[in-house]
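Please keep the sequence and the 3D view at hand while reading.

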Amino acid sequence: MSRDVVPDERDGALRYYDQADLWGDDELSAMERERVAETLAAIPDGVATVLDVGCGDGRLTNRLVARHERVVGVDIAAEALRHVAAETHVAPVTALPFEDRAFELVLCTEVLEHLDDEQLACALRELSRVASRFVLVSVPFEESLANAEGRCPDCRATFHVFRHHQRFDAARLAQLVPGFSLARWSTFGPAFLPPRPLDVWIQHRLLGSWHHSAAAVCPRCGHRGTEPSRRRALARGVRATRRLPPGRRKRQWLLALYARA
Ligand SMILES: [Zn+2]
């Protein structure tokens, strides 16, 4: 592992991502196994060199090693990279330590939703710069960002417990990567009825029930862990009303392959 660039610490990001407990789970959940399989299946044939940006603990990277000539993983969390069985670099997606067009395919999964607007624009320029042929992106599909907000028990700030800042839909996807055109896209993962803004409002403002996560880190005060969810039976009742009338189910994730234009 080499530390090419010291990643900038924004809102306690490293305090969150460098938690050992987040990484290296050998037993991936069924959902995660599906995500990994779908992503691998979307990689075009004949690609020799792959960069996995925001590779985390290498759950994808480690499966790429046997299939491609050169595989490199990049992440801001050194703790996560300990599990990666490939060349790795500690670097943010906004400053990739590679030459222009250094890799045929640049993979960036479950990363872009974590960036603010300024970081996202910069990250997309970097993916485009280091990829010679393809960029493959996956992000949550039409996520309700409010639904995953937790509340800090210390300073009462509310924030997305997984640090998501961006929401992606099909329209946004079309023009995402500068200099690349969208070759194909699909949605995958479990299908569910999306939360309605009113459900989320009732849950938060009337029931005082927020998403609980023990690993979340408050961006305002750095406290670890959000308030336990309250009035869970009532909150479940509110969620159950989504089935009346039956709405459109949506898949969890969006996968998009871009080819250099
Ligand atoms: Zn706080």
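Helices (H or I, at least four residues) and strands (E, at least two) are DSSP runs, numbered from the N terminus. The model is a predicted one, in which local features need pLDDT of at least 70 and side-chain atom pairs count only at pLDDT 80 or more, while totals for chains, interfaces and linings use all residues. Residue numbers start from 1 along each chain as its sequence is written.

S229 is found in the loop between α7 and α8. Leaving aside residues up to four places away in sequence, S229 touches S209, W210, H212 and A235, where contact requires C-beta atoms, placed from the backbone, within 7 Å. The C-alpha atoms of S229 and I76, 153 residues apart along the chain, are separated by 30 Å.

The axes of α7 (residues 197-206) and α8 (residues 232-240) come within 10 Å and cross at roughly 170°; axes are lines fitted to C-alpha atoms, for helices over the stretch in contact, with angles from 0 to 180 degrees between N-to-C directions. The two helices α7 and α8 are therefore roughly antiparallel, a term for angles over 145 degrees. In their contact, D199, I202 and Q203 of α7 meet A235, V238 and R239 of α8.

The table concerns exposure, where a residue is buried with 20 or more other C-beta atoms within 10 Å of its own, exposed with 12 or fewer, and partly exposed in between.

| Residue | C-beta neighbours within 10 Å | Class |
|---|---|---|
| S229 | 15 | partly exposed |
| R101 | 14 | partly exposed |

R101 lies in the loop between β3 (87-90) and β4 (103-109), and its phi is near 55°, a positive value in a residue other than glycine.

Definitions and conventions: Angles under 35 degrees count as roughly parallel, over 145 as roughly antiparallel, 65 to 115 as roughly perpendicular and the rest as oblique. Two residues are in contact if their C-beta atoms, placed from the backbone, lie within 7 Å.
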